[in-house]
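Open your viewer and get ready to select residues by number. This tour stops at pairs of charged side chains.

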Amino acid sequence: SANRKEIESIIAESMTSFEQELHYLNISHEEIEQAYVKHQEDKKAMVHFLEQIRNSVSQSKEEMQNYFNTLQKFASNQLDKLQSIVKRRITDDVSYEFSKNKKAPKEERINSMIETAIKDGMVDLIRDYRYEFQKKMQSSLDYMDAKYGEFKNDTASNHFDAKAFCEEHLGSLLIFKNSAIVSAGANEAIKKYGKNDMSMLSTTLDALFGAEFLTIKEMLHDKLVKVNQELLASFVSLCEAPARSIEERFSTEEALIERAMRQMKDATQSREARILEIKEKERVMGIVLNDLSATKRSEERRVGKECLRLC
């Protein structure tokens, strides 16, 4: 399926190029020269425009890099909040159990509270991180999209899905440490201080969770640095893609006009022969497209039958 789509895309681009060349092969020498002069004028404007675009891309890249620092601080602050939440839940539960049942909470309950709180907190953190990055990236891409304006070929524009992009690139960020050691330490502190010295229990849990969350912060930071670089490279590539397309479009058109001019001047080159050659290539490509469509329909029928059989 991927190969078929790629071939179809190549054929579509070739067909467009052939149509342009046929146009220039069927106009007069004066019209070709006028088209060439106009193309050179448009090219000068395009070069100046693309220079502005590249400056805008560079500026957006710098803004994204700075925004990564903001997101890093955001993630660190969220982990600090999560650490406080986990500790408060444990101390509240210990206080309640000793006050109501005169005994410490079961170790299994403490283990579950710690593991669940950290996992759920990390899921929320990454979800919020993705959301904030998604908003920033979409805003920057919308700005770049608007900057391209009339120079952009809308029919070939890529509609960017920031949500899908962030889910793909940030999905690997989830960090779940084995909480067995910190849970064991918490239960030991509860046995030792929970009944008579809640202040000491609080201090001990601060130290215990502080060390645990420091490790989580370091792990998350290392992952974010790598992922952020990948995100930044992809962001720049997305911003520059229309510019590359514009350059290619101008270069292709310039080559077609220059070829038509040479054929017009060179008596040894037959315009009619080139026109026939293009028509033949278009015919062959039409056959290939029909074959690809037939293959696609056949595959869809086969898959449909297989689904019915399995159902």
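**Stop one: a pair in helix 3**

Select lysine 135 and glutamate 132. They form a salt bridge, with the closest N and O atoms 3.7 Å apart. A salt bridge here means a side-chain nitrogen of Lys or Arg within 4 Å of a carboxyl oxygen of Asp or Glu.

This is a predicted model: local features need pLDDT of at least 70, side-chain atom pairs count only at pLDDT 80 or more, and totals for chains, interfaces and linings use all residues. Residues are numbered from 1 along each chain as its sequence is written, and side-chain values use heavy atoms, leaving out hydrogens and water.

Both residues lie in helix 3 (residues 107–148), three residues apart, about one turn of the helix. Helices are DSSP runs (H or I, at least four residues), numbered from the N terminus.

Lysine 135 is partly exposed, at 44% relative accessible area. Glutamate 132 is partly exposed too, at 25%. Partly exposed lies between buried (under 20%) and exposed (over 50%), using a 1.4 Å probe and protein chains only.

**Stop two: helix 2**

Now select lysine 38 and aspartate 42. Their side chains meet in a salt bridge, 2.9 Å from N to O. They sit four residues apart in helix 2 (residues 29–100), about one helical turn.

**Stop three: helix 7**

Go to lysine 281 and glutamate 277. Their salt bridge spans 3.5 Å, N to O. Both are in helix 7 (residues 271–310), four residues apart, so about one helical turn separates them.

How many salt bridges does the rule give? The count is 18.

Notes:
Helix = DSSP H or I, 4+ residues; strand = E, 2+ residues; numbered from the N terminus.
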